[in-house]
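Look at the sequence and the structure together.

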Amino acid sequence: MKLKQLTSAVILATTGMSATAATYTLTPTPAQDLSFANYAQSIDNSGTLVINTSVEYNPPIDLSLFDFENELFTAQFEDPDAVEQGVFSNVDYNILYSYVLQVRQSSILGQKLETLRSYQTDMVRLDLIPGFDVYSEDFDDYSRSSLSLIRDSLNGDFFVGTGNGAFFELDYTNEDGTDYTFIINALPKQAIVQVNGEAKFLPASTTEPLGGFGEAFAINNQLQVAGYSSTVFSDDYITAAENCDDDEERGDIPVAVCQYNLISNETTLNSVAQTRATIWELDTQGDVVNTQTYGMVFTPEEDDSSRFVYYSKANDINDQGIAVGESSTGEAVVYTIPGGNAGRYQGVVATAFMDGEVVELLPRDENLQSSANAINNDGWVVGNVRRENNGVAREQMFAYNIESGESIYPDGFFATSAVNPRAINNNGIIVGEGEYDASVQTDRQLRAFMYDINVGEFIDLNTLLPCDQQEQYTLVTANDINDDNEIIANAMYLSPQVYVNGEEVLDNAGNTNDVTRVIAVKLTPTGAQNVEDCDASNEDNYERKGASLPLSALLTLGVFALFRRCVRRAK
């Protein structure tokens, strides 16, 4: 459906009107038995949803990597002998898994377990998207060592995101005769595509040294994938990679371990490589037939000490091949974040990448920073601008039309509400999340929203649910919307606290302890146009459920809920 390119004046004039919006019904995705927390990612026009599970139940543990002769290690268990034999009480299983995550994960000798895994679902089947993970005969399951973070899909056939190679064991005896088993992989994070059950890397613009790196964020109907990749590495990094092949420079470690030490630190990688927006074109088998790398809105000098800090990236791409994202400006901006002091930050602007050109979208003098998150086929771009209000900088939503040059800046739930739009469909409907509580200045609670460019009204998605679902769930983020106006979102609700095997935690009296849970849900339009008028008591319950969940807490809530008891016990 073609959008009505309304002027900003008309949009503003209609924001005071009451909403006449289609109502929705909420359905949890079929991932609730897999993990305590799972997160919404995307929904495509075939109705395929991508979700990410966090800390799945019954994780595989490689007991051969633990030293059961170390009393400091075994003393924390209820029954260390049983643990050594692979028989875990609920508490011991929690302690062991927490140990893997908190201690062994930081060691090159420890088991590697990714806490996030990606799945596709049509709300009936739930299928793992393993990326480059490998099947382990010991676990009778995938090793769960390889990162596979899927962000977008096309017709339930193509899935794009970020991944790396599975970890493997490398035995080594050093010069002193000490035996080691190193657990490493051979590639840093890469843009990936999975099609017909097969995962493939999307090569970085520069793959030397040591493979380069990148990420993919979106795919369009023309099989063009938007993301970023490494282009130029620093001389120091190149020298360090070369030294791994030099016996004298490398030291008493294997070549592969030396290389892993270079590629495993993501912070280091981002400081030694220039990264630029990249568009990969695929064939129907998922093979790359063309790669185009874009620059930035400026060109840094060769002697600029910050040249490896500057970047550009593409966050989304429409069917006309227009990608949008952000670019460094080479300038610095100073502002104060909520609850903080004034700081100096890198200048970043919302950018389009099209026809080989990098185009800055918004007037730079009106915003401290800006970034484009999504674009539809009518050229409507949505994203964030950072603007100062009463001495504090917060993010505000913008919508900008590439063809007409029209831009609008809708308010959120209140005048100073920070708003994060995540997606826009071809009907002109934007979804995302915004700050909901005006009574505090920091850690404001969030609510999922819908904004229709054709109408100009900012709507709390919770108000479009049936009253009984409003009592049970609180929608905190809306991640994506397809052209049938189906939405994938994250919802909070109360659920009994559980151990890592999924069994409920009981107190001495046999009672459960309810904690807040975050799950991925699908919102389906009902076709009805009349929104239910929920009574005051239901509204009171609704407000209470989400009273203290800021965005930072949302991201880690599932892990803390699972392991709160075992962490206290291990102190």
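Which residue stands opposite V193 in β12? The residue is V160. This is a predicted model, in which local features need pLDDT of at least 70, side-chain atom pairs count only at pLDDT 80 or more, and totals for chains, interfaces and linings use all residues. Residues are numbered from 1 along each chain as its sequence is written, and side-chain values use heavy atoms, with hydrogens and water left out.

Strands (E, at least two residues) are DSSP runs, numbered from the N terminus, and two of them pair if DSSP finds at least two bridges between them. Strand β9 (residues 158–163) pairs with β12 over six bridges in the antiparallel sense. β12 is also joined to strand β13 (residues 198–202) by five bridges, again antiparallel, and here A191 stands opposite L202. β12 and β13 make a hairpin with two residues between them, and N196 in the turn has a positive phi of about 55°.

Buried means under 20% relative accessible area (1.4 Å probe, protein chains only). Six of the six residues of β12 (residues 190–195) are buried, so the strand is largely enclosed by the rest of the structure. In a regular strand the side chains alternate between the two faces of the sheet. In β12, Q190, I192 and Q194 point one way, while A191, V193 and V195 point the other way.

Four strands in the order β26-β27-β28-β29 form an open sheet with antiparallel pairing. Its edge strands, β26 (419–424) and β29 (457–460), each pair on one side only. Five bridges join β26 to the antiparallel strand β27 (residues 429–435), where G434 is the bridge partner of V419.

Key: Buried < 20%, exposed > 50% of the residue type's maximum accessible area, 1.4 Å probe, protein only.
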